[in-house]
Amino acid sequence: MSIDLPIRKIIHVDMDAFYASVAQLDQPELKGKAIAVGGGGKRGVISAASYEARKFGIKSAMSGSLAIKLCPHLIFVKTDFERYKAISQRIRHIFYDYTDLVEPLSLDEAYLDVTTNKKGHPSASLIAKEIRARIYNDIGLTASAGISINKFIAKVASDYNKPNGQKTVNPEEVIPFLEALDIRKFYGVGKVTAEKMYQKGIFTGLDLKQKSIDYLSEHFGKSGRYYYHVVRGIHTSEVKPHRTRKSLAAERTFSENLASEIFMLEKLEHIAEEVAKRLLRHKVAGKTITLKIKYSDFTLQTRSKTLPYYLSDKSMILETAKDLLYQEKLNNSVRLLGISLSNLNTEQKDKPLPQKTVSAQLKFGF
């Protein structure tokens, strides 16, 4: 096999249970205990859980009331985003000691392109190990890392030896690694898509690889092309220090469930106003409005509409959201509503992916 794809050394660094770990760092008496960030109170929803809590099935987006049933000794702590941001900045300063090509995905994870790095170090694996050691020694938190030839594989690999570990997928190991990978581990394959793939006999990367691009496009829409390429190790997206914003959103969780659309209109107005403020702040507009509805049984529904023009005005956002609300009957009483605007005027079309496969001849220091 041969390849003309760009050869990069990409690291994906992912902090371990970041919010919960920060709480344990600041309150040493919580170390080793099952804790949940957020989720306190009658209607609370958990933002994050420590690894000790995860052993009991506690996870993000779970209601606090359910979590306490699963783990009666669970300790709830309040979120502190200012603290998370401050620590995140310290972590990024460490990244910048090695490369300026840092693409943060959130407060607790980022991609680094170390193909050419400030240390002149030939080994991306050793750089990742050094970065993780510095985060631990300087800040007191653990991180995991994935290292490979592109962002997709690095992202998947970072979850491989969590917590406090790393995984390198060398160029010649890419195809065997992807073929053996459980389809649920593919970044971009969610729970619903995984179930659909199971129904079609797709359980591993090798199963996915047997399907043609036409088959995948037919059954999985635009994502089909993406699945076809990534299972072959093809993902040409570069590490972008300044990521283009893809959407803006706002949402509200209600103290009491709402049973009628009429009661939701005032809530939608406040949400639309917040979205409009954020659009103005970022100087963007969008064409696609999505209404997010979370029901009292925690099932989630989205309804979207794409307009032929860009908009950022509160009144137009609200009117479209109302149309989406009345589009069909509600399934249950509602605990959360959200509005997002995507298809923004800042987006650029993705470049077409080349029809090539990864080669075993990509042999350089990882």
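**Exercise 1. A pair in the interior**

Determine whether glutamate 103 and lysine 151 are buried or exposed, and state how their side chains interact.

*Solution.* The model is a predicted one.
- Step 1: glutamate 103 is buried, and lysine 151 is buried as well.
- Step 2: their side chains form a salt bridge, with an N to O distance of 2.9 Å.
- Step 3: glutamate 103 belongs to strand β5, whereas lysine 151 belongs to helix α6 (residues 151–158); the pair is 48 residues apart and links distant parts of the chain.

**Exercise 2. Two further salt bridges**

*Solution.* 
- Step 4: glutamate 274 counts as buried because its relative accessibility is 17%, while arginine 278, at 25%, counts as partly exposed.
- Step 5: the count of salt bridges comes to 16. A network of salt bridges links Asp14, Asp16 and Lys162.

**Exercise 3. The nonpolar cores**

Which residues have the most contacts inside the largest nonpolar core, and which residues does phenylalanine 18 contact?

*Solution.* 
- Step 1: the largest nonpolar core has 59 residues, and those with the most contacts inside it are Ile11, Phe18, Phe95, Ile135, Phe186 and Leu208. Helix α5 supplies the largest share of this core, 6 residues.
- Step 2: neighbours within four places in sequence are set aside; phenylalanine 18 is then in contact with Tyr84, Ile87, Ser88, Ile91, Leu107, Asp108 and Leu141.
- Step 3: another core, of 29 residues, lies apart from the largest one; among its members are Ile271, Tyr295, Leu325 and Leu344.

**Exercise 4. Aromatic rings and charges**

Describe the geometry of the pair formed by phenylalanine 152 and phenylalanine 186.

*Solution.* 
- Step 1: there are 11 aromatic pairs by count. In the pair of phenylalanine 152 and phenylalanine 186, the centres are 5.8 Å apart and the planes make an angle of 40°, which is a tilted arrangement.
- Step 2: phenylalanine 152 lies in helix α6 and phenylalanine 186 in the loop between α7 (174–180) and α8 (191–199), so the pair ties together parts 34 residues apart in sequence.
- Step 3: phenylalanine 152 is buried, at 1% relative accessibility; phenylalanine 186 is buried too, with a relative accessible area of 2%.
- Step 4: ring pairs join Phe152, Phe186, Phe220, Tyr226 and Tyr227 into a cluster.
- Step 5: turning to charges, the charged end of arginine 232 sits over the ring of tyrosine 228, 3.7 Å from its centre. Lysine 119 lies over the face of tyrosine 98, 5.3 Å from the ring centre.

**Exercise 5. The surroundings of glutamine 166**

In which strand is glutamine 166 placed, and which residues does it touch?

*Solution.* 
- Step 1: glutamine 166 is in strand β8 (residues 166–168).
- Step 2: with a relative accessible area of 22%, glutamine 166 is partly exposed.
- Step 3: not counting residues up to four places away in sequence, glutamine 166 touches Ser125, Ala128, Lys129, Arg132, Ala145, Ile147 and Asn161.

**Exercise 6. The chain as a whole**

How does the radius of gyration of the protein chain relate to that of a compact globule?

*Solution.* 
- Step 1: a compact globule of 366 residues would have a radius of gyration near 21 Å; the protein chain has 22 Å, which agrees.
- Step 2: the C-alpha trace spans about 65 × 55 × 45 Å along its principal axes.
- Step 3: the protein chain contains 13 helices and 12 strands, and 45% of its 366 residues are buried.
- Step 4: of the contacts between residues at least 6 apart in sequence, 66% join residues at least 24 apart.

Methods. Residues are numbered from 1 along each chain as its sequence is written. This is a predicted model: local features need pLDDT of at least 70, side-chain atom pairs count only at pLDDT 80 or more; totals for chains, interfaces and linings use all residues. Side-chain values use heavy atoms; hydrogens and water are left out. A salt bridge is a side-chain nitrogen of Lys or Arg within 4 Å of a carboxyl oxygen of Asp or Glu. Helices (H or I, at least four residues) and strands (E, at least two) are DSSP runs, numbered from the N terminus. Buried means under 20% relative accessible area, exposed over 50%, partly exposed in between (1.4 Å probe, protein chains only). A nonpolar core is a set of buried Ala, Val, Leu, Ile, Met, Phe, Trp, Tyr and Cys residues joined through side-chain atoms within 4.5 Å. Contact means heavy atoms within 4.5 Å. Rings of Phe, Tyr and Trp (its six-membered ring) pair if their centres lie within 6.5 Å; planes under 30 degrees apart count as stacked, over 60 as edge-to-face and the rest as tilted. A charge sits over a ring if NZ of Lys or CZ of Arg is within 6 Å of the ring centre and within 35 degrees of the ring normal. The radius of gyration is taken over C-alpha atoms; the globule rule is 2.2 Å times the number of residues to the power 0.38.
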